[in-house]
Amino acid sequence: MILSKKLIFVLFLSISLFLVPASAIRGFVEKPRNIKIDGYLNYVESPEYRNSQECPILDSNLLICDPNLIHVAMTLDVKYFRGSVAAVHSVLKHSSCPENVYFHFVASKNKDFQELRQMVKSIFPSLSYKVYSFNEFRVKKLISSSIRQALDNPLNYARTYLAEIIQSCVERVIYLDSDVVLVDDIQKLWLISLTGSRIIGAPEYCQANFRTYFTNNFWSDPKLSNVFQGKKPCYFNTGVMVMDLGKWRKGDYTVKIEKWMKIQKEKRIYELGSLPPFMLVFGEIEGIDHRWNQHGLGGDNLVNSCRTLHPGPVSLLHWSGKGKPWVRLDKGNPCPVDLLWMPYDLYRLSSIDSFDDQEP
C-alpha cells in the first residue's frame, strides 16, 4: 500500500495531537482552496471560513479610521515572512469578522520592501492592510548587542514606534510577533479593557527574578534600580500586546523608552534586546489571561529546544526563543508543538499540493 503525501501529513498531525492536552487547542484550519503564488498558497476566503455572527458594516468614507475595525500591527522581513503569513492566516481563519481586521505591517526601507508588499497583496488579495516603511537609522544608534543576534535587528524595535508610524486616528492596536498563531477569535483580545492609566495589556508573569533581566551595573546604582521600588516583580512578553496608542502619544512613551536605551549604551544595564526598556517604563500593565500568549515554544534564547504547552486553555501559541517551527519542519526535526503551527503554513501547504499533483 502506497500512502499519499497528503495522507502521511494528516497521520503525522493526528499523532501529534496525543502529545498536547485536548482542551488546550480550540481548533485547526482546513486547507484553503486556493492557487499558488511564488511558492505560497493564495488565501481565498470561502463560506465555511465565516462565522454566522453578523459583522458591523464598515464606512467606506472612513477607511482606516473606521471605529469598527480591529487593528493588528506586525513587522515584515524576508527571514520571518513565512511566519508572518501563517500568523495572518490564523487570525483570518478564527476571526468572527475577518473583513473587519486591518493589518499594519512595518518593514525596513530596503531592497526587499517592494517585494514584501507585493507578496502580501498576492497571497491575501482581499486583506485590508497598509505597509509602512521603518526608518532603521533612528534606532540603530541606540541598539546595543544582546545575548542573541536576532534580537539586535532594528525591526525588532519597531513596536516602540507604532504610535508615530500609524495614523493618529488609530488609538488602539494589537501587536503580534511573526512567530505566533491564533487559535481563537482576535475580537476577544481586542475587547479587553485597559483600565485607568494602563497603556499595555498582556499576560503577566509574577514572582519573576528581576536580577536575571538586569546587570550588576543596574542593581548597584540606586538611581536606576529604584524604578522597581514598591512594585510587584512581574514581567510580560512584548510579542503579544494590546496597546493604547492614544495614551502612548500623550505620554510620549517612545522618548521614555529611548532614554533607557541611551543609558544602556553607556552602562550596559541589561542583556536582552527590546524587552527590558518596556519593563522599566511600564511598571504596571493590564494583566490578561495567560491563554493569550503560550510563549517559549521555540526554546530559550540560546538553545533550540522542544517545549510542551503550559497547562490550561490556549488562544495564542508563540514560538519565542531560538527555534522557529518553519525552520525545524524544513530540517525534518520538528518538535511536537510545531505540528500545531503547520496547518497555518501556506508555504508548506503549497508543497503538499504540488506532491499530490504529481501522483498518478
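Reader: Helices (H or I, at least four residues) and strands (E, at least two) are DSSP runs, numbered from the N terminus; how many helices and strands are there in the protein chain?

Author: The protein chain has 14 helices and 12 strands. This is a predicted model, in which local features need pLDDT of at least 70 and side-chain atom pairs count only at pLDDT 80 or more, while totals for chains, interfaces and linings use all residues. Residues are numbered from 1 along each chain as its sequence is written, and side-chain values use heavy atoms, with hydrogens and water left out.

Reader: OK, and what share of the residues is buried?

Author: Of the 360 residues in the protein chain, 57% are buried, where buried means under 20% relative accessible area, exposed means over 50% and partly exposed lies in between (1.4 Å probe, protein chains only).

Reader: Let's take β3, then: is it buried or exposed?

Author: Strand β3 covers residues 70-76, and seven of its seven residues are buried, so the strand is largely enclosed by the rest of the structure. Ile70, Val72, Met74 and Leu76 point to one side of β3, whereas His71, Ala73 and Thr75 point to the other, and all are buried.

Reader: Which strands does β3 pair with?

Author: Two strands count as paired if DSSP finds at least two bridges between them. Seven bridges link β3 in the parallel sense with β4, residues 101-108, and leucine 76 faces alanine 107 there. With β6, residues 172-176, strand β3 is also parallel, through two bridges, and valine 72 has isoleucine 174 as its bridge partner.

Reader: What do β3, α2 and β4 make together?

Author: They make a right-handed β-α-β unit, with α2 at residues 81-94; right-handed means that, with the strands pointing away from the viewer, the path from the first strand over the helix to the second runs clockwise. In α2, 14 of the 14 residues are buried, so this helix too is largely enclosed by the rest of the structure.

Reader: Switching to α10, which of its residues are buried, and what do they pack against?

Author: Helix α10 spans residues 253-267, and its buried residues are Tyr253, Thr254, Ile257, Glu258, Trp260, Met261, Ile263 and Gln264. These buried residues pack against several helices, including α4 (136-140), α9 (245-251) and α11 (275-281).

Reader: What happens just after α10?

Author: Arginine 268 takes a positive phi of about 55° there, although it is not a glycine. This residue sits in the loop between α10 and α11 and is partly exposed, at 26% relative accessibility. Most residues other than glycine have a negative phi. Aspartate 252, in the loop between α9 and α10, likewise is not a glycine and has a positive phi, of about 50°; its relative accessible area of 41% makes it partly exposed.

Reader: And which residues touch the most other members of the largest nonpolar core?

Author: A nonpolar core is a set of buried Ala, Val, Leu, Ile, Met, Phe, Trp, Tyr and Cys residues joined through side-chain atoms within 4.5 Å. In the largest one, with 53 residues, Leu162, Ile200, Trp248 and Phe282 touch the most other members. A second, separate core has 40 residues, among them Tyr43, Phe113, Val120 and Leu194.

Reader: What is tryptophan 248 in contact with, leaving aside its neighbours within four places in sequence?

Author: Its contacts, meaning heavy atoms within 4.5 Å, include Thr160, Ala163, Ile199, Ile200 and Met243, and also Tyr253, Thr254 and Ile257, which are among the buried residues of α10.

Terms used
Expected span 1.5 Å × (residues − 1).
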